[in-house]
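Please read the following report with the sequence and the model side by side, and look up each residue as it is named.

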Amino acid sequence: MATTKELIQAYMDEVDRLEEEARAKKRFRAVEGFPYWPHQFMRDSILVLVFLAALGYISAFIPYYLETPANPSGQPLIILPDWYLLWSYGLLKIAVDVTIFGTVIMEGKLLGVLLNGVVVGFMVIVPFIARGAARRPVEAPAMAGYGVFGMLLGITLSIYSVNNVFYQQWGILAQDYYVQAGLNEIFYILQTDLLSILSLVVPILGAFVTYYFLKWRQNITTGQTGYENKLSASYYKIR
Amino acid sequence: MAKQGGPRPGARAYDTARTGKGQATGMQKMNLRLWAWLEDRFLFRQFRRHYQEFMLRINMQMPVSHTERYNLRVIWYWYPLYTLGSLALLSFVTATISGILLALYYVPSIAVRTLPPYGELSTEAWYSVAVTITQEIPFGFMLRQLHFWSAMIMVAAVVLHTVRIYMTQSYKKPREVNYFVGILLLVLTLGLGYTGYLLPWSQLSFWAGRIGLEMALATPLVGEWAAALVFGGSALGQETLTRMHVLHVFVLPVITFGVMVMHIMIVWIQGVTEPH
Ligand code: HEM
């Protein structure tokens, strides 16, 4: 003898079952990753409060003042774009006329503009060159090195965009050993003072340091190199 | 809700439940009929399902994300890095609100409006920022600060978001397309920053405009044309400011917003990678 509650329960279950049946006829795709709703949304709701508080605080206590009005005939000593475009200005400064055996084959200004495009190109090719299932830097030291190179280059180029300030401070940075050695007679496309050479050498060094550091980490965590490929096959299947 | 065609699932379920569970008393039948009547009208089963889903979510699903379900080590202290995209969106929203208010007072003109120490150099544009906004209107100074710092935070957030995407290799399948959409957003964000930098027509604005103009003119084939389109000719002037204004307050924000919506819709579909 069923009670009323059991009857209602059976009724509700039956309704649910019928609905499930209807739904099962459609195909559902498995979602990969951390759902935006509600997981990511929860993180974000905390962010809203922190952000609004911080923005109000910074705006009130770190005022930013306007410079004097534009004077087309009086170029100031330092002219700059905003900080996030300094790298681009640095590229313009570091590029010089491309010469091979004394013949100019491309103007420095044009090279500077093209190099900006090259930077975007370097970002676009990333998904094409990074293959495999690796996700952490330690699993893909080469890609990590590439990224560190890009980031450091952004910083050193930004520094190069205010090179005159650095030259004033440390005269040695303006020295041009390259030209002194007569190498510029053969082939050159970039500035050759010490600061500009450092701007390229530091990122390359950073890339190699990152690469070998991560390789070393791989070795001490697993005792062998290349473990990530074996690991990834099962570890990342669920993603 | 009127249901068209075929037997109502409710009616079938009602019959199954009634006949399947032994003999019901008259009272029970009446109660069940009452419940079914109410159910048909107020859809209690939906509430029940929502309630069940909610309980499931707060009891199990919230803490059990896939890293935990598959017993992976979650690097929880990396989570803040995974909110940088939202930070970019948020600062875009505050920049838009403060920007709309600033646009009510900003005058995109380089006609001379003299002001004691600067005389002929002081233009309408510079005057409207330096005097009207920062000195005359209530909270104008704060408004400008809010806009400036929102912009700074947005650019910083987008750059760091890019670094996060790169270092966690989130651009891999199935997220390649979203990575390219992201690069477009990065370029748009830098464009917003650059055009905004030029608007006050101060010393730095003018000379930064000069750099941009020279870059455009140095490009072969399309250079002249691009300079005319973006800077209004091969010299800086009123045309330049008008174009920068239109780009900064209308064209770029609208495009950026549209692309952002697309970007986040894709994230919604694909889910966010987790640090582990
Ligand atoms: C205005 C600029 C941008 C906004 C508002 C934005 C917004 C977001 C949001 C809210 C997420 C969710 C996860 C998170 O916050 O980390 C996300 C993820 C993502 N973003 Fe962005 N983003 C912007 C720019 C970029 C840029 C410049 C790139 C890359 C070049 C990019 C590539 C991606 C990718 C690949 C994901 C998926 C990441 C994952 O699943 O781990 N986004 N974006």
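How many salt bridges does a search of the whole structure find over all chains? The search finds four of them, where a salt bridge is a side-chain nitrogen of Lys or Arg within 4 Å of a carboxyl oxygen of Asp or Glu.

Before these pairs are described, some conventions are needed. This is a predicted model, in which local features need pLDDT of at least 70 and side-chain atom pairs count only at pLDDT 80 or more, while totals for chains, interfaces and linings use all residues. Residues are numbered from 1 along each chain as its sequence is written, chains are lettered from A and ligands numbered from 1 in the order in which they are written, and side-chain values use heavy atoms, with hydrogens and water left out.

**Salt bridges**

| Glu14(A) | Arg17(A) | 3.2 Å |

Glu14(A) and Arg17(A) both belong to helix H1 (residues 4-24) of chain A, where they are three residues apart, about one turn of the helix; helices here are DSSP runs of H or I with at least four residues, strands are runs of E with at least two, and both are numbered from the N terminus. Glu14(A) is buried, with a relative accessible area of 14%, whereas Arg17(A), at 42%, counts as partly exposed.

Glu214(B) and Arg210(B) are four residues apart in helix H9 (residues 203-218) of chain B, so about one helical turn separates them. Glu214(B) is partly exposed at 36% relative accessibility, and Arg210(B) is partly exposed at 32%.

**Chain B and its iron site**

Chain B has 11 helices and zero strands, and buried residues make up 47% of its 276 residues. Helix H9 of chain B also holds Ser205(B), which counts as buried at 2% relative accessibility. Leaving aside residues up to four places away in sequence, Ser205(B) touches Tyr197(B), Leu198(B) and Pro200(B), where a contact means heavy atoms within 4.5 Å.

Which residues of chain B coordinate the iron atom of the ligand? His161(B) and His263(B) do so, each through its NE2 atom, at 2.0 to 2.2 Å; donors are N, O and S atoms within 2.8 Å of the metal (3.2 Å for Na, K and Ca), and sites may look incomplete because water is not among the atoms. His161(B) lies in helix H7 (residues 140-167) and His263(B) in helix H11 (residues 238-270) of chain B, so the pair ties together parts that are 102 residues apart in sequence. His263(B) is buried, at 14% relative accessibility.

The six donor atoms around the iron atom subtend angles of 84 to 179°, which makes the arrangement octahedral. Six donors count as octahedral if opposite donors are over 155 degrees apart and all others between 65 and 115.

**The sheet of chain A**

In chain A, three strands form an open antiparallel sheet in the order S2-S1-S3, where two strands pair if DSSP finds at least two bridges between them. The edge strands, which pair on one side only, are S2 (103-106) and S3 (187-190).

Strand S1 (residues 95-100) of chain A is joined to S3(A) by three bridges, and Ile100(A) has Phe187(A) as its bridge partner in S3(A). Three bridges also join S1(A) to S2(A), and here the bridge partner of Val98(A) is Met106(A). S1(A) and S2(A) form a hairpin with two residues between them, and Phe101(A) in the turn has a positive phi of about 50°.

How values were computed: Four donors count as tetrahedral if all angles lie between 85 and 135 degrees; four count as square planar and six as octahedral if opposite donors are over 155 degrees apart and all others between 65 and 115; anything else is irregular. Buried means under 20% relative accessible area, exposed over 50%, partly exposed in between (1.4 Å probe, protein chains only).
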